[in-house]
Amino acid sequence: MNTPEPFLGATSHTPVRHHILSVMVENKAGVLARVAGLFARRGFNIYSLAVAPAETKARFSRITIVVDAESAPLEQIVEQLDKLVNVVAISDIAPKDALERELLLATIKTNVDSRTSLLDVVGSSGAAIVDVDAGSVTLMLAGTPAACDELERELENYTTVELHRTGRVALPRLGKVALAAVPD
Amino acid sequence: MQLTGAQALIKSLEMEGVEVIFGLPGGAILPVYDPLIDSSIRHVLVRHEQGAGHMAEGYALATGRPGVAMVTSGPGATNIVTPIGNAHMDSTPLVVITGQVSSAAIGTDAFQECDITGITMGITKHNFLVKSAHEIPRAVAAAFHIATTGRPGPVLVDIPKDIAQSTMEWWYPESIDELDLPGYHPVVELDADRVNQAIELIRAAERPVLYVGGGTLKSHASAQLLAFAERTGMPVVTTLMARGAFPDSHPQHLGMPGMHGMYSAVTAIQKSDLLISLGARFDDRVTGKIPAFAPNAKIIHVDIDKAEFNKVRRADVAIRSNVAAVLEAWDAQQASPQNLDVWWKEIDAWREAYPLVYDEPTDETLLRPQFVVESIARAAAPGTIVTSGVGQHQMWASQFWKFEEPGTWVNSGGAGTMGFGVPAAIGAKAGRPDRVVWCIDGDGCFQMTAQELVTARSEGIPIKVAILNNAYLGMVRQWQEMFYDERYSEVYLSPDLPDYVKWAEAMGCVGLRATNIEEMHAAIATANSINDVPVVIDFRTDSSEKVFPMVAAGASNDDIMVHPLQRESK
């Protein structure tokens with residue numbers, strides 16, 4: 001994946017103007033490469049990408065792609081994606097209509113001095129401790145991208161060993177146009 | 001009935017009505033070549049896999065049926081990448097079968113392994129890596145369905161050797177519902193609202209132009225186009241990919257638009273108030289500088305592929321449909337523009353002032369290439385199919401040949417693949433053996449793929465090849481003359497090396513040479529009298545000849561350069 005540099009805000013991990021494409025595809029080998037390749041061939045940046053089987057039917061997967069709206073003429077991307085034989089449906093979710101969530105996992109070095117304040121950060125951010133040993137803590141936050149951004153900023157005061165985010169998945173808010181249904 | 005995967009593949013091709021495969025065997029595809037011996041399908045053994053691909057394209061463009069090519073893995077597969085890319089650019093229906101190393105060896109850098117589905121991902125409409133013999137019938141049926149429906153294109157089916165050797169219980173999909181293509185919906189219902197919105201624009205138009213693209217040929221809409229054009233009286237232009245979709249002899253036909261288009265066709269588009277695009281895609285070779293293209297025209301864009309809408313030029317009305325259905329709908333509602341008398345007066349003035357011209361043929365110089373094309377055309381039987389390579393000769397062929405019916409012009413438009421002409425001619429002739437097939441070629445193009453003359457001779461496919469031999473990569477030379485201060489960099493080829501007559505003879509063909517007008521007419525007559533073996537004529541042409549009219553790359557169509565003979569009057 002490309003560096004997100006060109007379209008990042010000063011502190012945020014979210015593109016200044018982004019689009020969320022929820023793409024339902026056949027769950028077959030090579031489909032992700034076809035989708036990603038289409039973006040790459042046109043020089044479009046993918047900011048984040050998350051893939052998993054859709055609902056309970058393993059025949060289809062949903063790919064949630066966040067793209068920078070400045071770098072890519074969205075109409076062309078959507079039309080070109082739609083031409084891929086393995087792409088079943090595409091939903092373009094406007095950020096204001098979207099429920100976006102992602103997961104952050106981080107392992108932080110701790111000592112006697114820092115552990116208490118780190119636990120405060122965990123508590124106030126809604127994160128959870130998922131692993132602990134004598135010198136470090138692994139914590140997890142499932143939340144909005146903004147909440148993950150905020151936690152990441154807080155963690156800058158500590159020594160981070162590893163930090164990883166999943167990239168977001170999204171659903172339309174209730175009352176907004178729903179995603180395309182999974183075919184039978 | 002138990003069959004091997006290889007037998008199932010051949011039987012599947014038979015089920016799809018395939019009459020000829022262009023191909024060349026090799027290790028990974030070996031199992032498939034065995035049952036081919038017992039098949040009714042003709043196989044044309046090529047000398048290079050690129051030839052197989054272009055032959056399949058020529059077959060498809062001349063017959064309207066999908067072309068089929070079959071090659072082995074690794075270099076066999078990579079050698080056919082150029083024709084696949086070419087077919088992708090020109091929306092030509094093609095099914096390409098490639099052998100692949102055995103499933104267990106995939107990913108091990110095995111001998112003659114390559115990731116051909118990965119390589120061709122961006123230049124196929126779709127491709128398949130078949131993972132079991134049971135899946136072969138579905139993959140083949142799906143390949144033909146995808147290649148030929150919607151916007152046509154190339155589909156590749158990659159078959160590992162062990163899959164071809166394993167066995168399956170024979171079956172064949174009975175309907176497209178069994179093809180397992182939940183994301184593929186090539187046909188949509190015609191949007192009546194948009195049809196009517198377009199009719200409103202048509203009724204208001206005073207200076208309309210029918211901008212006819214290759215999609216009109218692909219949707220077999222020539223009859224509907226003729227009916228609509230004659231009823232409405234609108235002028236027609238046919239792009240390089242649409243030559244033959246509307247008769248060149250028709251008084252409403254202004255000819256080809258674009259970089260080397262007719263002055264009247266280019267200018268009519270520029271001055272139009274309504275441009276009706278029928279299966280065209282606003283290619284840069286047609287539009288020139290995009291902001292200056294047809295600046296006052298409203299756009300009706302008809303295309304089966306909605307990704308073409310608003311890609312280059314925003315449409316006022318975009319209608320997703322095949323061309324024929326829209327024209328029929330408009331005709332049913334008697335959609336007609338305003339009185340076009342004033343418009344035609346303007347157009348006729350352009351036609352009269354700037355017809356296609358070239359310098360007087362003379363024996364003081366080498367042959368005028370335009371005169372050679374015209375002379376071949378005049379002596380050709382009606383319905384002759386013309387193929388070409390890419391470059392000056394291609395433009396002269398498109399300009400000076402008069403095309404009267406679909407499937408008679410076979411060329412490489414979008415990709416601009418040099419060397420397309422000879423193998424495409426072989427494919428066209430294999431598909432239409434009743435027709436005379438001329439390849440108008442350049443000396444540069446000829447040298448790229450003319451080993452396939454061996455194929456033509458050995459398979460009994462008697463094509464005729466006219467080399468417009470100006471001893472240069474002529475179009476590049478033209479640009480260097482006009483835009484690079486006559487600094488000719490790496491464009492000289494020599495008229496005598498190779499000796500094209502000996503080349504032809506060495507490959508079992510008749511070779512002729514013409515250096516003056518008398519020899520030219522004699523050679524054409526001789527070629528026309530030979531119908532059992534391929535003929536190659538080496539026409540020695542004047543290298544200083546350039547293609548006009550011309551709109552320089554990136555320039556506005558308003559800045560069209562006419563032939564020097566016409567410049568004082570402009």
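1. In this predicted model, helix α11 (residues 222-232) of chain B packs on helix α14 (residues 323-332) of chain B at an angle of about 35°, and the two axes are 9 Å apart. The crossing in which α11(B) passes α14(B) is left-handed. From α11(B), the contact draws on B:Gln224, B:Leu225, B:Ala227, B:Phe228 and B:Arg231. From α14(B), it draws on B:Ala324, B:Leu327, B:Glu328, B:Trp330 and B:Asp331. By class, the residues of this contact are six nonpolar, one polar and three charged.

2. The burial pattern of α11(B) can be read next to that contact. Its buried residues are B:Ser222, B:Gln224, B:Leu225, B:Phe228 and B:Thr232. Viewed down the axis of α11(B), these buried residues fall within an arc of 155°, so they line one face of the helix. The face turned away from the buried side carries the exposed residues B:Ala223 and B:Glu230. The packing partners of the buried residues of α11(B) are β9 (208-212), α10 (214-218) and α14 of chain B. B:Gln224, B:Leu225 and B:Phe228 are among the buried residues of α11(B), and they also take part in the contact with α14(B). Just after the helix, B:Gly233 has a positive phi of about 75°.

3. On the division of chain B: the domain assignment gives domain 1 (2-179), domain 2 (192-353) and domain 3 (369-540). The C-alpha centres of domain 1 and domain 3 of chain B are 30 Å apart. Their contact takes 25 residues from domain 1 of chain B and 25 residues from domain 3 of chain B.

4. Which elements supply the side of domain 1 of chain B that touches domain 3 of chain B? At least two residues each come from β2 (20-23), β3 (42-45), α3 (49-63) and α5 (81-89) of chain B. The largest share, eleven residues, is that of α3(B). The residues on this side of domain 1 of chain B divide into eleven nonpolar, eleven polar and three charged.

5. B:Asp180 sits in the loop between β8 (167-169) and α9 (192-204) of chain B. Buried, exposed or partly exposed: how does B:Asp180 count? A residue is buried if 20 or more other C-beta atoms lie within 10 Å of its own, and exposed if 12 or fewer do. B:Asp180 has 15 C-beta neighbours inside 10 Å, so it counts as partly exposed. B:Asp180 is 42 residues from B:Arg138 in sequence, while the C-alpha to C-alpha separation in space is 8.3 Å.

6. Two backbone positions in chain B deserve a look for positive phi outside glycine. B:Gln334 has a phi of about 55° although it is not a glycine. B:Gln334 is in the loop between α14 and α15 (341-353) of chain B. It has 10 C-beta neighbours inside 10 Å and therefore counts as exposed. For B:Asp485, phi is near 55°, again a positive value in a residue other than glycine. B:Asp485 lies in the loop between α21 and α22 of chain B. With 8 C-beta neighbours inside 10 Å, B:Asp485 counts as exposed.

7. The bond from B:Leu497 to B:Pro498 is cis, with omega near 5°. B:Pro498 is in the loop between α21 (474-483) and α22 (500-506) of chain B, the loop that also holds B:Asp485. B:Phe548 and B:Pro549 are likewise joined by a cis peptide bond, with omega about 0°. B:Pro549 is in the segment after β20 (535-540) of chain B.

8. Chain A has four helices and nine strands. Along the sequence their order is β-α-β-β-α-β-β-α-β-β-α-β-β. Of the 184 residues in chain A, 30% are buried. Among contacts in chain A between residues at least 6 apart in sequence, 73% join residues at least 24 apart.

Conventions. Residues numbered from 1 in each chain as written. Chains lettered and ligands numbered in written order. Predicted model: local features only at pLDDT ≥ 70, side-chain atom pairs only at ≥ 80, totals over all residues. Axes fitted to C-alpha atoms, helices over the stretch in contact; angles between N-to-C directions. Left-handed = near helix turned anticlockwise from the far one by under 90°. Contact = placed C-beta atoms within 7 Å. Nonpolar A, V, L, I, M, F, W, Y, C, P; charged D, E, K, R; others polar. Arc of directions from axis to C-beta. Domains from an automatic or database assignment.
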